[in-house]
Each structure stands twice: as structure tokens, then as C-alpha cells.
Amino acid sequence: MISSSKLNVSKGHAKVGLLTITAIASLCAPLANAAPIYKVVDEQTGQVTFTDRPQSYEQQVGKQVSQTTVTTGNETSGSNNSTRDNQTATNATQTASIPATNDATVKAPINYQLAITEPSEERAYRRPAQSINVALQIKPALQAGDSVRIYFDGNEVAQGLNATIATIDALPGAHTITAVIQSVKGQTLQQVARTVYVIQNNTTLQNNKKIAKQLLAYQNLPWHQKVMLKLRQQDGSLQKVQSSQSIANDAFTK
């Protein structure tokens with residue numbers, strides 16, 4: 001009599017054997033599918049037929065038989081996967097070659113506020129006695145690389161927040177003072193302008209003319225008259241000094 005334990009062992013071995021046969025069959029299936037494929041072309045119609053039995057067509061007239069390879073579905077899938085992998089790798093390489101942009105390092109343009117505090121408004125200056133003093137105010141403070149330039153009638157006269165412009169060479173009339181903030185590349189970031197007027201100082205001009213005439217007259221005098229004139233000037237200066245000393249002595253004695 002066969003015990004139940006022996007029957008169970010026999011059934012287990014049978015299941016293992018069945019699984020082994022199934023695995024071997026699945027491995028052999030691709031080998032069977034890998035049999036050579038032949039391409040048959042009808043020379044009259046051009047019709048193409050694929051077969052694994054070329055002998056049935058070799059006896060027919062007008063049939064051209066040649067061995068070929070046919071890509072199976074699994075191979076196509078593998079090829080597509082390979083293509084996608086290559087495309088992904090190419091995209092990754094292209095992405096890596098593009099330098100990353102760090103938005104934090106990109107400087108935003110500064111919105112400067114520029115004002116001319118002096119002269120505070122349109123005004124007139126007497127030529128040549130008065131000079132034009134220019135003072136600027138900027139908010140916020142200048143960034144590194146930016147600069148301030150001051151122009152008078154389009155000609156640069158100074159760099160910075162202050163300037164002094166002489167009027168001796170300025171013709172009477174209206175003139176323009178322009179202040180410009182420029183970037184390191186020369187780009188204009190902000191600018192303001194103010195109009196001033198230069199007028200001729202007639203009193204100073206007349207005095208200068210009078211002094212010029214006196215100097216010319218002195219230069220035209222003979223030498224002995226120049227000496228006498230100097231002696232008179234010295235006597236006059238001495239008399240002024242003596243007069244000042246007497247006034248001081250009188251004040252001290254009182």
C-alpha cells in the first residue's frame with residue numbers, strides 16, 4: 001500500500017517537471033521564429049510575398065526568390081526603446097550644454113532720482129564777475145560703475161555732484177546746464193536740465209576799461225614822469241600812514 005506522503009511527493013515532482021518543460025518550450029519558441037525568411041517577387045506584377053518555404057515558388061516561372069530578414073514585433077519595440085533612449089540622452093546633453101541662468105545674479109536697473117539743487121531755479125549771472133555754482137542730489141547712492149557728468153551747453157565741464165562754471169567766456173544770453181547719470185557702458189540712466197542766463201556787468205566792464213586806459217597812459221609817460229608819479233604815490237602813502245598813526249595816538253592819550 002502506497003502512503004499518502006509518497007503520493008504528494010510524486011505530484012510535486014510532476015509539477016516541477018511540467019514547469020521545466022514549459023520554460024524550455026518558451027526558450028525554443030524564438031529559435032523557431034528565427035527561421036530564414038524569403039522574399040518572392042513576381043516579375044510581371046511586382047507583387048511581393050514573404051515565405052519560409054521558398055521551394056514552392058522556385059519552380060514557378062517569373063518568380064524571383066531571395067533570402068531576407070524581417071523585423072519582429074519584439075525587435076521593433078526594442079528598437080523604438082533604443083531610439084527613445086538615444087533621444088533622451090541627446091536631449092539631456094543639449095540641456096546640459098545650455099548654461100543655467102541664475103536670476104539672482106541679474107541686476108535690475110536702478111531707478112535714480114536726480115535733481116539740480118543749485119542753481120535751484122532759472123536765474124541770471126553777471127559776466128564776468130559771477131561764476132555759476134552747480135550742485136546735484138542723487139537718490140539712491142550711485143552703484144559701482146555708474147557716473148555723473150555735468151554739461152554746460154553740451155560741453156562736459158565736470159564729473160561728480162558739484163561744479164563751478166566761469167562766465168568770463170560765456171556770451172550774454174541763455175545757457176543750459178545738464179546733469180546726466182551714465183552706466184558703465186555709457187547708457188544714459190537719468191538726466192535733468194536747467195536754463196540760466198548770463199548778462200554783461202556794465203559797471204565792472206566800465207571799471208575795467210578805466211583801469212586799462214590808466215595803465216596805457218602810464219606806459220606812454222616819459223621815464224622821469226613815471227619816477228615823479230611814483231614819488232608822489234609814496235608821499236601820499238606816507239601821509240596816510242602818518243595820519244593813521246596820529247589818530248591812533250590821540251585815541252590812546254584820551
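**Exercise 1. Which residues have the most contacts inside the largest nonpolar core, and how many residues does this core have?**

Start with the source. This is a predicted model, where local features need pLDDT of at least 70, side-chain atom pairs count only at pLDDT 80 or more, and totals for chains, interfaces and linings use all residues. Residues are numbered from 1 along each chain as its sequence is written, and side-chain values use heavy atoms, with hydrogens and water left out.

Step 1. A nonpolar core is a set of buried Ala, Val, Leu, Ile, Met, Phe, Trp, Tyr and Cys residues joined through side-chain atoms within 4.5 Å. Buried means under 20% relative accessible area (1.4 Å probe, protein chains only).

Step 2. Read off the core. The largest one has 20 residues. Ile 132, Val 134, Leu 136, Phe 152 and Ile 177 have the most contacts inside it.

Step 3. Assign elements. Strands are DSSP runs of E, at least two residues, and helices are runs of H or I, at least four, numbered from the N terminus. Two or more core residues come from each of E4 (113-118), E6 (131-139), E7 (147-152), E9 (162-166), E10 (173-182) and E11 (188-200). E6 gives the largest share, four residues.

**Exercise 2. List what Ile 177 is in contact with, leaving aside its neighbours within four places in sequence.**

Step 1. Contact means heavy atoms within 4.5 Å.

Step 2. The partners of Ile 177 include Ile 132, Val 134 and Phe 152. Ile 116, Pro 119, Ile 150 and Tyr 151 are also in contact with Ile 177. Val 192, Ala 193, Arg 194 and Val 196 complete the list.

**Exercise 3. Work out the strand order of the open sheet that three strands form.**

Step 1. Two strands pair if DSSP finds at least two bridges between them.

Step 2. Take E4 and E6. They pair in the antiparallel sense over five bridges. Glu 118 has Ala 135 in E6 as its bridge partner.

Step 3. Take E6 and E9. Their pairing is antiparallel, over five bridges. Ile 132 has Ile 165 in E9 as its bridge partner. Asn 133 stands opposite Thr 164 in E9.

Step 4. Join the pairs. The order is E4-E6-E9. E4 and E9 are the edge strands, and each pairs on one side only. Neighbouring strands are turned by 25 degrees against each other on average, direction ignored (axes are lines fitted to C-alpha atoms).

**Exercise 4. How many helices and strands are there in the protein, and what percentage of its residues count as buried?**

Step 1. The protein has five helices and 11 strands.

Step 2. Of its 254 residues, 15% count as buried.

Conventions
Buried < 20%, exposed > 50% of the residue type's maximum accessible area, 1.4 Å probe, protein only. Axes fitted to C-alpha atoms, helices over the stretch in contact; angles between N-to-C directions.
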